[in-house]
Structures are given as C-alpha cells and as structure tokens.
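Please examine the model shown below before reading on. The paragraphs that follow lead through some of its features in turn.

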Amino acid sequence: MFCLPYAGGGASSYRGLLRELDGLTVTPIQLPGRENRITEPPAFTIGEIADEIEPATGEPYALYGHSMGARLAFEVARELRRRGLPPPARLYVGGGHPPHRKVPLAATADLPDETFIDQLVRRAGALPELKHEPELRELLLPVLRADFAWIKRYRYEPEPPLDTPIVAFTGLDDGEVAVPDLLGWARHTTAGFRLRTLVGGHLFVKDRPADVAALIAADVAGTHPLPASDEIHLWLSTPPTDAEDPEAARVLSAYGDDPDGGLIAVSHGAGDLA
C-alpha cells in the first residue's frame, strides 16, 4: 500500500500505520523537500509520483492518501490509468475533500506567516510548536507553503470515474472535513464506495494509527462489522445508470445481524449526499 502525505507531512507520518498494519506492506512516498529529501526544492508533479509507483503495478496494490494526499492519490490513480497500467485494488482517502470540491483551508495559502501558521494549528492539527520554535518553522514553512500552493492551484478535470473501490475515512472531531463532505467521493468510482468514521481530529492517521490500521485490515479481509454507537458506516450500492441524472447515488446504511443482507435504510440524492 503506497501512502501519500498530508500537506507538510513526510514519510514518517505513516510510521504508526506501518507499525500497526500487519500483513500489508506499507510504503510511504517521500515527496521532495522533507525529511531525507530536505535538500531538494519542495516541488512535485503527479507524473513523478506515478513514476515511483508504476514498477509495482504488476502486483496487487492499494493507495492511501490523507488530506492533500487523498487528492494526490486520486490523481495518481487516474495517471496510472492513462498509462494503461493495472488499477489499485483500493483507493483509501482519509480526511480529504473530494477532488471536485474546493478546499476551504487553501484560502490561507497567501496569508502572512503568523496568520498562516495560526490557521493550520487551529484548523488542521499542525504542530503548535510552529508558533514558537524558529528552527522548526524554518524547516517546515517552505514545505507547507509549497503544498498549499499546489492545493490552491489544483483544478479538477472531469474524467470517467475510477474502476477502483474507494474507502473514505473521517475523524468525528475533524472540523475541516465533515462526514457529508466525504460522501462526495462516491461519484468518483464505479466499483463501490464505503465511508468509515473513527474517533479523532483531522490528522487521525498520525494520532490514531491503530484505529486506521484495524479498519484497513478489516476491509482487506472483507469483514465489515456493524457500526458501534459512535460510528457511521455507509456504502454505495450499484453504480447509477440513469442517463438523465448521472450523479444520482444510492447510499445504504446497514444495521442488523447481516451487514450485507440485513435491514437497510435507503436514501437517494444527487451529487454530494448528507
């Protein structure tokens, strides 16, 4: 499973997931300008990331992207498809707005340093030390600026939905990306969509890696336990076929003894579902 980082993050952001996820090789992608690539300019392209992953596409693989990384992983999957390569078995997206939606936090990209950092700390779980430690700020601010410039420049270009199942994760305490926002990912796949919630804020993949690992392991094993009292499980049924309403979607929420065939509640809507 190749992992793409959130804005300002490096490969070490997935150290916890690597430790907790047994039976699946976790391979974080290190973008330029961070950690062991600190001497390189903090710039990247989707094509360069796809180049790193392409040699592994001959075997089953998955992509996980968190926040900005969710958008990167989505675009990498589309780039690999353009190259005629096998698709990922899963696209896991955590804490990321769907690609056709604007990222509200991108509006902070051009703010002065102090205000920019304050917004990231308050809204996105960035390290509070960025406010008070000049050395840390000097190290991370250029990467954060470059990443948010990429997010702000990003423009979604319509293409056919992916033939890859998408599983989205969201933290119940995430003030930036709410549950209804994550439902928008359903329109980008013809192979099924699931939404899983877990306790945590925006950077739950770093703060609660065991919880994320458990959900991924269950998905890989094909086991889908019933929701706990503090969870929401949603999944998309068959892809929409109504030519007059191509974005129509059916979302099923299952409760009962059999999550694949028990009592279900069905809701219909267009575009993003709440």
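Which residues are linked in a network of salt bridges? Here a salt bridge is a side-chain nitrogen of Lys or Arg within 4 Å of a carboxyl oxygen of Asp or Glu. The network links Asp-51, Glu-54, Glu-75, Arg-78, Glu-79, Arg-81, Arg-82, Arg-83 and Glu-159. The structure holds 22 salt bridges. This is a predicted model, in which local features need pLDDT of at least 70 and side-chain atom pairs count only at pLDDT 80 or more, whereas totals for chains, interfaces and linings use all residues. Residues are numbered from 1 along each chain as its sequence is written, and side-chain values use heavy atoms, with hydrogens and water left out.

Side chains of opposite charge can pair when their charged atoms come close. Helices (H or I, at least four residues) and strands (E, at least two) are DSSP runs, numbered from the N terminus. Arg-78 is buried at 2% relative accessibility, while Glu-159 is partly exposed at 25%; buried means under 20% relative accessible area, exposed over 50%, and partly exposed in between (1.4 Å probe, protein chains only). Another salt bridge joins Arg-83 to Glu-79, with the closest N and O atoms 2.9 Å apart. Arg-83 is partly exposed at 29%, and Glu-79 is buried at 18%.

Attention now turns to a pair of helices. The axes of helix 4 (residues 113-124) and helix 5 (residues 134-153) come within 12 Å and cross at roughly 80°; axes are lines fitted to C-alpha atoms, for helices over the stretch in contact, and angles run from 0 to 180 degrees between N-to-C directions. The two helices are therefore roughly perpendicular to each other, a term for angles of 65 to 115 degrees. Among the residues that meet here are Phe-116 and Leu-120 in helix 4, and Leu-141 and Phe-148 in helix 5.

Gly-8 is found in the loop between strand 1 (2-4) and helix 1 (15-20). Gly-8 is buried, with a relative accessibility of 18%. Although Gly-8 and Val-143 are 135 residues apart in sequence, their C-alpha atoms are 5.5 Å apart in space.

Notes
Angles under 35 degrees count as roughly parallel, over 145 as roughly antiparallel, 65 to 115 as roughly perpendicular and the rest as oblique. Contact means heavy atoms within 4.5 Å.
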